[in-house]
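Good morning. Please bring up the model on your screens, and I will talk through what sits inside.

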Amino acid sequence: MKSVIPPMEIALRPATSQDSAFVERVFFTTQRWIIERLFGWRGEELERRRFLEDRNAANIQIIIVDDEAAGWLSVNQGNDCIEIEAIYLLPPFQN
């Protein structure tokens, strides 16, 4: 029997300064294992500093699923296109 996926309401909103802890938590929840395997974990302080240096807060959109923050994406918007740089979703929203 085929399972039915209930419809979800999905929206994006610009990240604010109040979202910084959420953005960081989502990134390290989804990417820490990759960082560890590729580069080795270089310590919380260094990894956090690198994360903050690599992010442009103005390009971050928070992904809202059914009124709950589910993750974020980073975009570059040009004159005639939008480029998605990265998408990070918390594990419960990845199915």
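**The core and its rings**

This is a predicted model. The largest nonpolar core has 14 residues, and those touching the most other members are Val23, Val26, Phe27, Phe51, Ile62, Trp72 and Tyr88. Where do the core residues come from? At least two each are supplied by H1, strand E2 (60-65) and strand E4 (82-89). H1 gives the largest share, 6 residues. There is also a second, separate core of 5 residues, with Ile63, Val65, Ala70 and Val75 among them. As background, nonpolar side chains in soluble globular proteins tend to be buried together.

Apart from neighbours within four places in sequence, Val26 is in contact with Gly71, Trp72, Tyr88, Leu89 and Leu90.

Now the rings. To describe a pair of aromatic rings, you give the distance of the centres and the angle of the planes. Searching the whole structure turns up 6 aromatic pairs. In one of them, Phe27 and Phe28, the ring centres are 5.1 Å apart and the planes stand at 80°, so this pair is edge-to-face; the cut-off for that label is over 60 degrees. Are these two residues buried or exposed? Phe27 has 9% relative accessibility, so it counts as buried. Phe28 has 15%, and it counts as buried as well. The limit is under 20%.

Phe27 also pairs with Phe51, and here the geometry is tilted, with 4.7 Å from centre to centre and 35° between the planes. Phe27 is in helix H1 (residues 20-39) and Phe51 is in helix H2 (residues 44-54), so this pair ties together parts that lie 24 residues apart in sequence. Phe51 is buried too, at a relative accessible area of 4%.

If you follow the ring pairs onward, they link Phe27, Phe28, Trp41, Phe51, Trp72 and Tyr88 into a cluster. Two arginines lie over ring faces here: Arg32 over Trp41, at 3.8 Å from the ring centre, and Arg55 over Phe27, at 4.9 Å from the ring centre.

What does its side chain meet? The side chain of Glu24 makes a polar contact with the side chain of Arg48, at 2.9 Å. Not counting residues up to four places away in sequence, Glu24 touches Arg48, Phe51 and Leu52.

Note on methods:
Residues numbered from 1 in each chain as written. Predicted model: local features only at pLDDT ≥ 70, side-chain atom pairs only at ≥ 80, totals over all residues. Heavy atoms only, no water. Phe/Tyr/Trp six-rings, centres within 6.5 Å; stacked < 30°, edge-to-face > 60°. Buried < 20%, exposed > 50% of the residue type's maximum accessible area, 1.4 Å probe, protein only. Helix = DSSP H or I, 4+ residues; strand = E, 2+ residues; numbered from the N terminus. Lys NZ or Arg CZ within 6 Å of the ring centre and 35° of its normal. Polar contact = N/O pair within 3.5 Å; in protein donor to acceptor, adjacent residues only side chain to side chain. Contact = heavy atoms within 4.5 Å. Core = buried A, V, L, I, M, F, W, Y, C linked by side-chain atoms within 4.5 Å.
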